[in-house]
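Dear colleague,

Please find the structure below, handed over for your use. My notes on what was found in it follow directly after.

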Amino acid sequence: MAGETPIRGDDHLLTPDNAAVVVIDYQPEQIDTVASIGRDEMMLNATAVARTATAYQLPLVLTTAAVKLGANTGTIEELREALPAIDEIDRTTLNAWEDPEFRSAVEATGRKKIIMMGLWTEVCVAFPALDMLRAGYAIYPVADAIGGISRDAHDRAMQRIIQAGAQPVTAISMVAELQRDWGRSGADNLRSILRWYFPRLQEIRAGA
């Protein structure tokens with residue numbers, strides 16, 4: 001039918017009103033060791049998630065590891081530029097959920113559907129995802145925006161969290177799920193992201 005369909009009050013899918021985004025450890029030191037996906041394609045997808053979070057005004061938690069210890073630098077600039085102006089939560093824990101400040105920030109969003117991306121899949125995504133699933137959160141790892149130190153490491157981690165109840169999405173399926181109707185307000189957000197995304201994806205694949 002023509003016209004706008006309303007967002008369902010008890011929508012089990014992702015909506016701008018029920019989801020939050022968690023971004024874990026997109027630091028140069030982590031990015032440089034990913035081998036399960038090409039760096040440019042992974043960062044394109046991660047940036048698409050960041051743009052989506054900003055455009056749809058989703059609550060967002062951004063965290064890094066070991067910056068204050070001097071072991072790592074902060075969030076990579078190309079991703080930081082696409083994110084809202086929020087502070088990074090720096091941790092010493094490998095499992096972000098075991099950091100009280102991170103856990104409090106997630107709880108403060110008031111959202112139970114968590115879109116998650118991080119590096120590496122087998123550590124910084126898997127560990128908090130498993131804990132948060134047990135704590136009653138629905139976890140949506142963005143499969144093409146995350147990576148591990150090998151394809152096998154990434155695949156085994158994805159298998160592990162899926163068996164625990166995680167529901168993988170991709171960068172573009174996520175933004176489409178949030179919008180879901182061209183007649184709803186916000187459709188220009190989806191159009192803008194798609195028009196930005198596909199020319200860059202074609203360039204990356206042409207150069208591969």
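Helix α4, formed by residues 100–108, lies across β1, β2, β3 and β4, and runs at about 170° to β2. Please bear in mind that this is a predicted model.

The strands named above belong to an open sheet of 5 strands, whose order is β3-β2-β1-β4-β5 and whose pairing is parallel. At the edges of the sheet are β3 (89–91) and β5 (138–141), each of which pairs on one side only. On average, neighbouring strands of this sheet are turned by 25° against each other, direction ignored.

In β2, L62 is the bridge partner of V23, and T63 is the bridge partner of I24.

Is β1 mostly covered or mostly exposed? The strand is mostly covered, since 6 of its 6 residues are buried. In a regular strand, side chains alternate between the two faces of the sheet. In β1, A19, V21 and V23 point one way, while A20, V22 and I24 point the other way, and all are buried.

I turn next to a pair of helices. The axes of α7 (residues 171–179) and α8 (residues 187–207) come within 9 Å and cross at roughly 165°. An angle over 145 degrees counts as roughly antiparallel, and α7 and α8 are therefore roughly antiparallel to each other. The crossing in which α7 passes α8 is left-handed. On the side of α7, the contact is made by I172, V175, A176 and Q179, and on the side of α8 by A187, L190, I193, L194 and Y197. What is the division of these contact residues into nonpolar, polar and charged? There are 8 nonpolar residues, 1 polar and no charged.

With a relative accessibility of 8%, T47 counts as buried, because the cut-off for buried is under 20%. Leaving aside residues up to four places away in sequence, T47 touches E78, L79, A82 and W196.

Finally, some details of the backbone should be noted. Most residues other than glycine have a negative phi, and most peptide bonds are trans. Against that background, the following places may be of interest to you.

- Q57 is not a glycine, yet has a positive phi of about 55°. The residue lies in the loop between α2 (39–55) and β2, and at 69% relative accessibility Q57 counts as exposed.
- A66, likewise a residue other than glycine, has a positive phi near 65°. A66 is found in the loop between β2 and α3 (77–80) and is buried, with a relative accessible area of 13%.
- The peptide bond from L119 to W120 is cis, and its omega is near 0°. W120 lies in the loop between β4 and α5 (121–134).

Yours sincerely

Definitions and conventions: Residues are numbered from 1 along each chain as its sequence is written. This is a predicted model: local features need pLDDT of at least 70, side-chain atom pairs count only at pLDDT 80 or more; totals for chains, interfaces and linings use all residues. Side-chain values use heavy atoms; hydrogens and water are left out. Axes are lines fitted to C-alpha atoms, for helices over the stretch in contact, and angles run from 0 to 180 degrees between N-to-C directions. Helices (H or I, at least four residues) and strands (E, at least two) are DSSP runs, numbered from the N terminus. Angles under 35 degrees count as roughly parallel, over 145 as roughly antiparallel, 65 to 115 as roughly perpendicular and the rest as oblique. A crossing is left-handed if the near helix is turned anticlockwise from the far one by less than a right angle, and right-handed if clockwise. Contact means heavy atoms within 4.5 Å. Ala, Val, Leu, Ile, Met, Phe, Trp, Tyr, Cys and Pro count as nonpolar, Asp, Glu, Lys and Arg as charged, and the others, Gly among them, as polar. Buried means under 20% relative accessible area, exposed over 50%, partly exposed in between (1.4 Å probe, protein chains only). Two strands pair if DSSP finds at least two bridges between them.
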